[in-house]
Amino acid sequence: MEVGGYEHVVVLQNIKVVDGDLVETLKKIPRGTLPGDFLDAIVVGMDMLIKKYSSTNKGKKRLCLITNGLSPIKDPYEGSKEDQVNAIAQQMTSHGMKLESVVVRESVVLDENVSVMEENDRILNLFPKRTCAKMVFVESSTSLLGALKTRSISPVTIFRGDLEISPKLKIKVWVYKKTSEEKFPTLKKYSDKAPSTDKFASHEVKVDFEYKSVEDANKVVPPEQRIKGYQYGPQVVPISADEWDAVKFKPEKSVKVLGFTDSSNIMRHHYMKDVNIFIADPGDQNAILAVSALARAMKEMHKVAILRCVWRQGQGNVVVGALTPNVSDNDHVPDSFYFNVLPFAEDVREFQFPSFSNLPASLLPDEEQQEAADNFVKMLDLAPSDKEEMLQPDFTPNPVLERFYNYLELKSKHPDAAVPPLDKTLKRITEPDPELLAKKKSAIDSLLRHFEVKQNPKLKKSMKRMREKPSGSDEEDNYRRITSKNKVDLIENGVKVEKIGDLTPVQDFELMMSRRDNPEWINRAITEMKNKIHDLIEDSIEGDNYPKALDLLVALRKGCILEQEPKQFNDFLHQLCKFCLEHDLRSFCDFLASKGITLISKTEAVDSDVTEEEARNYLVKREAKPE
């Protein structure tokens, strides 16, 4: 079949929003029996995008080519293949298109296909040099699943400012997240009490809280008669909102170099949290040169820098971490740094174990046992010399998220569908390769012969077992104060919510706020909810997380009113809007204004210092004159 003179190219469906019908159509695509020219396919796809969107949506138009690259490309009528690639690349650049080429190829290629393969690889490698394109090779279905990026996350800086080496030496840098855990989607409680005929019903589940006296269960305690307290030994120390605000640590926004140390002094197991990347301000040539010089000097001397970081004003905590040089081997990519958070003394967990050298000879492995263990480790090598490395992070999708979205798609069509078994492709991520185990059965049998293997009986969980906290941290101290008084109550009534999860954050927040076994839960709930909201906005792509963030912000506002914590919410809203305006996220402020989100005023909470008019006009002023 031909499309506009392009042989063996078929248009399956015109461009439209992806829906269930398209998914079903893709599942039923028959396997092709004729060779295909991938350059023809790229031209047809590019033409469809141009006709559909013309010059709009620059930078958002994306072509994905999946090929084995083993079919020959026909010679063009005029010029060479390189000229054809240049012409295609020029059109892509002018229309703001991106090309992603995924080459699916087994490790063994027949001899007659080698010359064609090498020629096609050379042609595909020209695209990244001429336009915005990338090319990856995969061998397995698992890698193919990970290589197909269904959503691209727009980079958002978490810091823009000076990397201060000394008061007189500062470098303009931008800081982005290099790795960040993809959160499980938020699921809300759904009410079916609304009439089925009401098309505009929100089906929202609302929770109201009421505080009553311990002495008189029928007496409601008003907000002005409530104050926070901290359990200190046998007594409770009351702390007012003003006192709590005064005692908080309020560092200035800054990133400062504290000094340098040998890279060997930084232990890999001390890395905490996400990884950030430091780059020079793209518009400052002096900063680019300074970052490159510093990174190359540190690499040559095997040094890392120790930094003190406060990413945003009013952050409330200080981060100390290691800055590692990342010298680029590409002339078109500038040098940069990777930043890993390091622990404080309270964060380090020390566990003492006896040394193997002190054990008697009867408990040490002999030569045959050691050899059997070595062979077993080699057997499960994920990067064999003759095959693609398995489970590469860039090509390995999260099986939990993949399984959830697969089931979500199934349940949207069949509400009563049962949960299907785990997909074979996902099993390759969560379980050892059965083919490899069968192939290397001799190494496993040898290991079993040389070691005594016993069945480990399952023990019943004790109902009295409490979640343990490692010793030596403030968290452990707080947890002990929270649980020591009501440990019996927790065992009898079930484990209470102790952390805001990703599944039902609003409900978790409300349950934490309602806990009365210790006042510390309220502060912890508010702090965790602030972090959740901030993470959602930072990771948002074209506002896709805005509704989730709004739901959390509404719940936080309501909780702060009920607990008479208006200042915490108002300060957070100020900081949030300022952050959005500084990081090109003004659309979130506009979104809040359209939904009528305001500061907490005196009429809603007596402890607030904001008038009703100031609260009502806050976001309107932000739009007119950003800070």
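**Salt bridges and their surroundings**

Reply: Asp75 is exposed, with a relative accessible area of 61%. In this predicted model, Asp75 forms a salt bridge with Lys81, and their closest N and O atoms lie 3.9 Å apart. Lys81 has a relative accessibility of 14% and therefore counts as buried, the cut-off for that class being under 20%. Asp75 and Lys81 also belong to a network of salt bridges that links them with Glu82, Glu119 and Arg122.

A second pair joins Lys183 to Glu181, with an N to O distance of 3.9 Å. Lys183 is partly exposed at 39% relative accessible area, whereas Glu181, at 54%, counts as exposed.

Asp535 and Lys177 also meet through their side chains in a salt bridge, at 4.0 Å from N to O. This pair links distant parts of the chain, since Asp535 is in helix α17 and Lys177 in strand β7 (residues 169-179), 358 residues apart. Asp535 is partly exposed, with a relative accessible area of 29%, and Lys177 is likewise partly exposed, at 27%.

The largest nonpolar core has 43 residues, and Phe509, Ile533, Leu553, Leu556 and Phe588 have the most contacts inside it. Among the helices that each supply at least two residues of this core are α17 (520-538) and α18 (546-562). Helix α18 gives the most, with nine residues.

In total, the model has 27 salt bridges.

Definitions and conventions:
Residues numbered from 1 in each chain as written. Predicted model: local features only at pLDDT ≥ 70, side-chain atom pairs only at ≥ 80, totals over all residues. Heavy atoms only, no water. Core = buried A, V, L, I, M, F, W, Y, C linked by side-chain atoms within 4.5 Å. Buried < 20%, exposed > 50% of the residue type's maximum accessible area, 1.4 Å probe, protein only. Helix = DSSP H or I, 4+ residues; strand = E, 2+ residues; numbered from the N terminus.
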